[in-house]
Structure formats: C-alpha cells, structure tokens
Amino acid sequence: MNAPARSPLSSRIAAPSADVRSLRQRVESQARHIETIEGRLRQTMADAGLRSETVELLPALPRRAITEYQQRVWKTVAAEPVARADQPPAPPQTSWWPRHDETAPPLVPAPGWSCYELANTTAKVLGISVFGLTEERLHEVLALIASQQRKTRDFTPVFLTSSTAFHLFRHHGFAFEYLPSADRRQNVTGQQDWHDYAAHRLELICRKWALARIVCFGAQAIGSW
Amino acid sequence: MSSNLYDLVIVGDLRFPGGTSTCMAQEIRALANASYRLALVHIPTRRFNRNQQFHNHLQACIDEELCDLVDASETPLRAELLVLHNPYVFTEAPERRPQIYAATKILVAHQPIVDANGVPYYDAARVNAVCEDLFGTGIQWAPISAASRANLIAANLPYPILEEDWGNLIELDHWQADRSRPVGLIPVIGRHSRPEWEKWPATREDTLLVYPARDDIDVRLLGVAERLQSQIGEQPRNWRTYAFNELDPAQFLRSIDFFVYYHHQDWIEGFGRNIAEALASGCVVILPPHFQSVFQEAALYREPGDVVPTILEFYRDWERYQVQSDVGRRFITRLCGPDAHLKRVRRLISAAPVHPNETDGFASTLAAVKPSNPAKASIHEADVTVVGDFRCYGETAWRVAHEARIQAAAGYRTALVHLPGQRADVGPVIHPAIDACVGEGLATPLDPASTLIHTRLLIIHGPESVLSGDPQPVPRILADKIVVVVDQSPVNHPPPYDLIRKDRLFRTHFGGELYWAPVDEEIRHSIVEHNADVRLLDSTWTPSLALPTWRTRPRAHTVPIIGRSSLAGDRQWPDTAEEVEQVYPANGELVVRVACAPALRSVAGGPPPAAWQLFHPASTDQSKFIDNLDFFVYYAGNGHKELPSHAIIEAMARGVVTILPRHLKAQFGTGPLYTRPQRAIAMVHSLFARQDAYDDQATHAARQARQQFGANIHKARLRHLIGDAIKEPYTTHRRRANNRVLFVSSNGVGLGHLTRLLAVARRMPEPVEPVFATMSQALQIVEQHGFPAEHIPFHAYNGCNIADWNVWLSKQLRQVIDYYAASTVVFDGSVPYSGLIDAVGPDPDCRLAWIRRGMWRPEQANDGVIARQQHFDLIIEPDDIAATQDNGLTVENRHAALTVAPIRLLDEDELLSRQDAAEALGLDPDRPALLIQLGAGSNQDVVSVTGRILQTAAAFPQLQPVIAEWLMAPHHLDLWPGVKRLRGYPLSRYFKAFDFAVGAAGYNAFNEAISLALPTIFVPNDQPEMDDQRARATHAEANGAALCLDDPQTTDLSQYFEIMLNQDVRNHLKTNCARLTRANGAAAAAGAIADYLM
C-alpha cells in the first residue's frame, strides 16, 4: 500500500482557532453526556420493564419492468461497426504521454463524537477492516476502537465494512467505506474480476483517506470477501 | 576447503589487446561502482606470449582494487553469476583447473563462430564442452550484438542463447566531443581499428571509394599497417595515417567529422566497438547496410559509391549533421551505457536461485532464457505509426483519432508517437479524443525516446514541429513509406518552414518513400507553386470519420438547441457583435451551446454572452456534445482559414441538422443546409416546428456524411499505400453492453431521492440491469429490492472539503462505471455534483440523466445549480401534485426537461388490503389507527412533536398510534414505551391499515399520501435547505384533500384528531385526494431513459 503522506497542516487544514477548539471540546463533552443519559435511560426502562413493540418489515419487492414499453420506430442510418479492443490496456501516465488526472489532497475523515477535537487535524488515519463481522461483534469492535481512540487521541479510524448496519458507525460518528459481500453481488457481474475491482477500490480508499495502515478484525482478510 | 563468495566472477585471458579486454575493464568499473563484489580470474591461453603483460585497462582495475584478482585453481570461488569472456579462451582446457561454482554462467561470444563464407573461427562444440567440464552444465551463450546473435543462430548453435545481447560497455564521458561546428574548412573523415587485413576493404579500388583521394575531403586513418600501405601504393595527398595505438582513439575521433567504416567482405564484425566509440564521440557514422541490425538509426547506411555524396550533403547542412550526431549519441548511451549492463546483471542475479543447487539452478535458468524470436525482441512492429503533437486542439486531433479508429477496425496496428512542439495553441495534456483511442486499446502509445519502431506507414502531422530540435526527443522510427499531412500552406504557416529541407530530413531519419499529402486543393496549389521538387500524393487527404450507426431521436426539450464547436479566436466568429447576435442569439428564444478550446474568452471583440452555454472538450466528449444539439450552425468571419471540418461532418453524421454559409457547399456537399446568416435562425425555428421535415433532413445528412466522409475513404488510401492489413480486424463490439444503468442518489434528509430512483429502476424494461451507487445510508433498501449497491460516503457526514471530495467522487464513480460497464448514469439529487459531471462528461460511451423534482424554494440561490443542467443528456422532471404552487427555478427551466407524472415507488395494486396490512403490523383492523411519519429528524426536532402527538392520541383510547421509525434516524431510543414502532420500507405498502396520518410534506410522503388517499395532517419541514413543503401542504388543504399544521409545537392537536376520526370527513378528504391524484410517472421515466439514452 502506497498511501500518500499526510502533510502536516496542509493548505486545506488550518490550525483551529481557540473558539473552534473550545466548540469541539464541547461537542465531545456533549457526546459523552448524551451517551451517559441514553445508557441510564435504557437501563431504567429495562429495570421497569418498559419497552415498545417494534415491527420490522422489509419485504422484497419484485421488479415491475414495463411490458407495454415499445420503442418508437426510428429512421436509422447504419455504419460500419466501431472497433473495440477486448481488454484495453491501462493508458500510460508518463511524461511522454501527458494525461488528465485531477489530483486532490486526501480527505480528512470524521473523527467520531467522542474525540471530536481531532476534527480536521492531521492525526494519522487507520483503516479498520471489519469485513464479515456480525452486527453484535461489530458493535463490540466499534466500542473498542472508540475506547482506544479516547485513550491515545492520536488517530482517526475509517472502517472498511461489508455490513449495511450503518447506524452503528453513525452512532459513534465514525467514517466508513462499504464493499458488498459475495452474497449481495450475485445478481450482476462486472466487466472485470471482482477481486481486481475490489483491489482497485481499496487502493483508491487508501489514497482518498491517506490510510497509514489497515488493522483487521475478524477472519475475513481484505480482498477475500 | 572453504570457498570465497562473490556476486560475480569474471574470467578471461587478461592479455587480449583489443575490444575484449576493454570491454571487461568497463564492466568491472560499472559493477564496482554499483558495489558488486567481483573476482577476476586469469586463464592464460597459448595465443599470447607467456611474458605478455595484462591489458593496461584491466591492470588499472586491479591496481585500483575494483576487483580481486584470484587464482581459482588455489582458491575455490562461489558466485551468483559467472561471466566467461571470449570463446577463444576456452578452445583448450587450461593447464590449471579453476574451481568456480556459480548458479548462472554466461559465455560472452566476442567472436563470431563462422565467417561470411561459413568458415569456422573456432569449434563451438569444443568450447562449450571445455566450459561445461570446468564450470558445470548450463552455459548460456551471450551474443554481443544482433549480428553476433544472427551468427550464432546461423551456425545452428545447439546451446542456450541468452535472450538479450551482451552489449559492449562504453565510458561515455571519455569519448565526449564538441560537434557544434565542423573540425575544419572541408569535411574530415576517418576511422580507427586494428590493422589486420580483415578490418580493411579488400582492394585498392574499394578502399579509395570510401576513403577518396580528393582535395575537398580530408582522410585520417588510425591503425594502418604495412599491408594496407603496400595495397594502396602511393598514399593520396589528402590522407593522414597513423599506426595502431599511435594516437589515443578518443583524441583521434575528436579530429574527424565522419566515421566511415568498411571492412573485408569475408569478415563478420561481432559488434564493432570502434563504431560505438565513434558514435559516443558524436561523429556521424557511415556504414555498409549489413550493420543496420546492430546500430539501427544511430548510423547512416550506404553502399560504397554513395559515401562521398552523403558526406558532402551532411557537411553542407550542419543542423542536419547535429541531429544525426545526437541520434547516434542517444542510441549508444542506451545500448552501451552502464545502466544497461547493470540492469542486465541485476536480472540475471535475481533469476538465480537463492540457494544455488547445481542441477535445479540450471534447469530453472535455462527455462527462463529460451528465446522465441530473439532477433526481433526489441523492435515494435506497427502497420501505421502516427507522429505529431497530440495536445493540439484543432483538426489534427480529430483526424488522428478518427483515423486510428478506422485503422483498428480494419486490422491495421497503430502506434502513436507524441512529439511535443513549440506551438502555443495546445493544451497541457493529450487531446481526449486521442487518449480515448489508447484507453480503448485501439492504438499503442510509444515512448519516442526509447522504443525503436518499424512501421509500414509513417503519418506525420504538423511537419513544422517534427525533428525541430530540443527539447523534443528524436523518435526512433524506420518506415517503409511516409506521408506528411499538410493542413496549412507551408508558406503562410506561422512561422513559414522550409518544406524541401523537411523533406530531406524526414527521408534521412525515417527512410522510405515520402509523400506530401495536402488536406485540400488550395494547399496543394501552394505546395506546387513554391516547392516543385517534393513528391505529392495524388489525392487530397480528406477527412474520413469512423461513424457509428445512427437513428432519429425523440426530443425531451421544447426550445431548439443550436451550437457549434470550433477553435477559439475572433476569426472563428462573425466579425461584428450584431452579426454574432443574428446567428447565435442570446435573447432566450433558443439555447446556444459552444464547445471551444482553448476556453472562449472573446467573440467579436467582446466577452461571450452570459446566456450561452460553454463547454470544453476536456470535460465533455465531442460526440455527446453534438448529439445533444438540434442544429449545428457555423458561421465565421471574413478571411477565416481553419474550419472545424470534423465537427461539421460529425454533426451531419449524427443527424444534427447542419446550417452553413453557401460558400462551403463545395466542401461539404448536399448534407448540410446552406443559407445567409440572416436566414439561419428562421430556418432553425421552421424545421424545429416540423419533426418529420427535421427527421428527413437529418437522415439525408447522415447518409451523405457516410458517403462523402466515411471510413472507406481512409481504408482505401491505406490499401493504396501499404496494402491490406496483416492482422485480422478487431472483434467489433461495444465496450459497454448498453443494458446497464447506474442509478446515483445524493444524500438527502429523507429517502426521497433514493425512492424515486428505486421506483424507476424496478420499471426499467428488460434486459436493463439497474445498479446503484448511493450516498444514502439507507443502502440496505436497495439491496432489499435485489439491486447491487455501492456506497459513496457523503461529504457532509465527514465534514470534508467539498472541492476535494468531488475529485474523489469522480474517481470512485469512474471505477464503478467501468466495473459495471454502465452505459447510462441516472442521478437524483438537488445538486449535480461536479465530481459526477467530471466522471461522466468525457466518457463517450456513457450518458447522464437527471431526475429533478421541482418545488425549489424561490429564495434559495440555485442559479449555479440549475446552470449545470447543460451537462445532462436528459432531464426528467417528475410532476408534483402541488405543481401549481411551484415558484422555484425549475419552472422557468422546464423547457429543458421532459415532464412525467409524479413518481411513486408503488402502484396501487401493490398495496396490502386493510386486513392484511393490519395483520402484518399487529393492529386491530376494526379500531382506528394513526401513522406518525415525521421524517428522519436530521434537521428538525421530531421527538417533541411526536411526544405531543402521542400525548394527544392518548385521549382517544380506541386509537392505535404507530411511529414510523426512519431507517436513517440517528438514534434508536425507545422513548415511548407501549407504543408500536414500525421499522420498514416502503411504508406505503401498509397505508390501508391506517385511518389517517400525521406526516411531513416531502415529495414522496406528500405525493404518496394524496395519490393513495391516506387522509393526512401535514407537518411541513420549513428548514431553509428543504424544498417548499409548506406550499404542498397548504395546496392540499386548500383543495380539501388534507390538513396542514401551522405550528406543531403550539397548535391544539386534539381538534385535528377529532376531525380525522370522523368517517365523513375522511371520506371527503379521500374524494378530494382522488380528484388531485395523477398516474404513477415511474414507468414513463423508465421508458424515457431507455428511449432517449440507450
């Protein structure tokens, strides 16, 4: 992995003013406060046996592809077919073949509510691979990472996940990238092998967030999902 | 006995007087500088006197401790690589047996095996046997040049031959010489070599042919012996001769201009180190043609009789001399510089096994070095090679791109060599149309500085810039035929260039027959008039385009779109502002689009009108730009020269009615319509109003374009010039199957964008396969519908810099589009991101549609947002039941959109009956039920409003309240024990279970509630970034179809509940809902996407 170095305080990341720092500290403090109150509320309600009934309904709806659709009969002028190479090579990116390739600095991920003071700082960014984890296990890992982050206050995580339980990441305010698992991508095949595509996606993710390294949780390594 | 370990062991007779020892010494210096551990082993042969000293260059290496001189008969050596120099050394077994163990063993064949008559110089089988006996099996023979390789192959050598040549190393700095001017007032030619007979021409006549006795040429020869002197007899007055080693060769070479080397016809020169030294010194080198396989473009190859005229020609044109000198220096740097040798050694050592095992090591090494066709390994073969500055904006780029496509389709292999020139009117990067050919694999770009190309046809564009000196590299091309395309008269060209001089230069450097090909008759006359000597192609080089199948298309817009594409510059436009306004009006009666490069800054002396829509070729594919026009209208100023011919033809070919001034009829034939500029816009309106007449004209133009400017024109001229393609034509198929649609939704406050896309996607006609890329965190509902989905993290969630985020968005979208091979992208969102436009705009195979709901708030500053509509191929505006209240920006831009009925996810027949819905939700169907769906709460306080609603509901014991929990809600707290919560999608499927609802008035919630007749108390979200929800809610209330809460925090809700619990009231509301309702527009939107874009 060749992640670009995150330059200290680049032009996009200005040092925050005292007011901004103070506000960020306040967000952190409020987040902890809310966390505590919510926990207390949940416990109290559980002790009192108070709970609502939740009905979850996500029916699979079939396609209703339009059958009455009829393309108008157009006047057509035929021509020779257009040539295409079966597997085009990657175009060169060299000084002797200058190509347009817009570049941008890496993005700064959301730091999470409990370490919000790290927002828009140059703290190192770690990829946290959680592919294949159950929702329960994912919950535990997120709590673990949040706890570790609170202790060290020197990193921002970006989770790499195959779970659609995005609310878990949202709860902590953590950044995440989603790649569908094998069972979710059966319907449509791509133009190239999925693993090649996933490798390119991963490479892009690494550059986009300037991941310093990737820490894996669970049995599914990156690229095997 | 322990052995000493080295990286390399170099073995030979260190007393060789000539090239072999010099070569060994150079290799030792290069390797020692690169920190290799080296051992040098001397094996004395009977060829030299026992007392003869080591070659002084090798002795210097030993003295400088660049290597260890080791007696390997005493000290066993172990190494990664063993290099044995010169087969002569191993024609007999040495007296003392060396003990050397190496994984890889190379025997450098400094001498050929047989001479030109097939007489052997040595017994190769014996040499190989001696080497194997001494060092083990698996010796690889390394030729020192292409000629040496050919000699080994011709001798049927039954042993492995190394895949790459073991080129001689030259210490380049040592040979450096100044070639900015000639040595003297007349040409000085010369040579240096050993004095043996085989190194010189066979007869006096042969010798004097190339080293002439004449007063206007100086001849200087180093290495002359008595035999030559006796052959020549009296030495010509213009000769100066020196004995072997009388002068330092480097110093000698600095005293001559031309190195002329001809030898005995029986002799085969393995490499020609003296030639390489002359090239390193910058001499222009003239050789007999058989050397071409070794020195390629570095030298001039002439029969003996042509030597003197060539010398005089180059001496008179010193600029040309310098170009050739530079070509030779560059070549020898590549071939004989230390880098080449170090790479070779690195490869060989890395191929060696980590723990050398004699047998296994040999097997693996041998398997790796079997050459398939070693003689041709380093030359790129092409049918057509195109040379030019590919950053240009004008006609050249389109000509190159279209011709490359035609060549590929016909099976001609195309190479592209980009030579950046000094012109100012070029972009920073390769023109996108040319780059697209490379991206699609239709042409191969090659590095001009390092790749040697053999081509059947070389096409040169912009001759004034080719071979024009630094900083441009000199391309290494050997051509059978050359065509120079001339699109501007050399005389009028700014600056003018000498066509005859270019003609000579191109022929010298690229070889082959050369033809000049004017693109029109005017330029042909100009060339003939000023340059009668050059050879002209019989026919003009007319534009020839690769044109796809075309069909007439429907229109989604109601105001004509006219446009043009051209270069920038005032002369491209009518001369006065009045004339510009006449043809390209900015008064809103039609849409004017201009694709222009460089960016359009000035028209008729002023800035371009703000109402015009401007495009740049780098961000919008030209074919898509033209496709989206109704009329291509081109009028220019007086005295204008460069026409956008390819764009005009492409417009005709794509069925865009083309309107031109009358004087262009001779050039473009009957396809376009011709009229005076004053009449052009009237013609536009007249045809736009009559679709059938428009279609007839478009069809006629499309046919004419194919007849006059189709692919057959270019194919015919290629066949005429170089014959048929050798390769089979490409398999012809579309890169994208045209049945994948990528639906992209932005991240709204609710699920509106995603729901509309789902509604359309599930109605796409077979065999379309929808795929999603969504910024919404409710991605699971896409997968619930069975569609593959990718997630794009939204900038607001992470608080990213938006400009940077757009760049990364573009990159991710390009990956997704390529992987799923999407031919259409359908976006639903309020703001078309620049990253989205950048990802799709330049892609010729992908169209872009925008599903854009209305009801934008008038106070929102959305001018910049709406301006982006020009980048969409199709805009679909789903109607809104409250559309009469719409005062937003989309209303005045509706002429650009196709309007369909309100889009809903479900049709009425998909709703569950009251009984089934109530059962699914666990409700009593005989008691009234209330649905509370206030939205995600992302930007407003829905908790306290929900609390008030539940508090009110508690006063009605029969009422069953159900809270719809938003899939995207930030928290899932159980705040209301005992109340049923519904987590589901789509909620409308269960509407019949409810008697009334309290809900937000977003697009989907509102249109679903009214269309599906669910009596609702609307609570509009009045946040400034939202659409105009209050207008919707009040419209429904005004029409007696719903109620609207002014302020949910203060209004007495119990009154509203009492009203809603009245069956008569609910029936009244339902009746009015039915009056307002519209059919579901989702199917129409799906059909339009298929019809317009696929």
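Start by selecting Arg983(B) and Glu56(A): their side chains meet in a salt bridge, 3.0 Å from N to O. (A salt bridge here is a side-chain nitrogen of Lys or Arg within 4 Å of a carboxyl oxygen of Asp or Glu.) Before moving on, keep in mind that this is a predicted model, where local features need pLDDT of at least 70, side-chain atom pairs count only at pLDDT 80 or more, and totals for chains, interfaces and linings use all residues. Residues are numbered from 1 along each chain as its sequence is written, chains are lettered from A and ligands numbered from 1 in the order in which they are written, and side-chain values use heavy atoms, with hydrogens and water left out.

Now switch to cartoon. Glu56(A) stands opposite Arg983(B) in β35(B), and β1(A) pairs with β35 (residues 980–984) of chain B in the parallel sense over 4 bridges. Strands are DSSP runs of E, at least two residues, and helices are runs of H or I, at least four, numbered from the N terminus; two strands pair if DSSP finds at least two bridges between them.

For another pairing, pick Ala997(B), which stands opposite Thr1016(B) in β37(B).

Next, show the interface. In contact (heavy atoms within 4.5 Å) are 123 residues of chain B and 87 residues of chain A. The two chains bury about 9,300 Å² between them, 54% of it on carbon and sulfur atoms; that is accessible area (1.4 Å probe) lost on putting the two parts together, summed over both. Select Tyr797(B), Trp808(B) and Tyr819(B): they supply 9% of the area that chain B buries against chain A, more than any other three residues. The count of salt bridges between the chains is 7. Helix α29 (residues 802–820) of chain B gives the largest share of the side of chain B that touches chain A, 11 residues.

Last stop: Ala759(B), in helix α26 (residues 752–761) of chain B. Is Ala759(B) buried or exposed? Buried, with a relative accessible area of 0% (buried means under 20%, exposed over 50%, partly exposed in between, with a 1.4 Å probe and protein chains only). Leaving aside neighbours within four places in sequence, Ala759(B) touches Ile903(B), Arg904(B), Leu905(B) and Ala1082(B).
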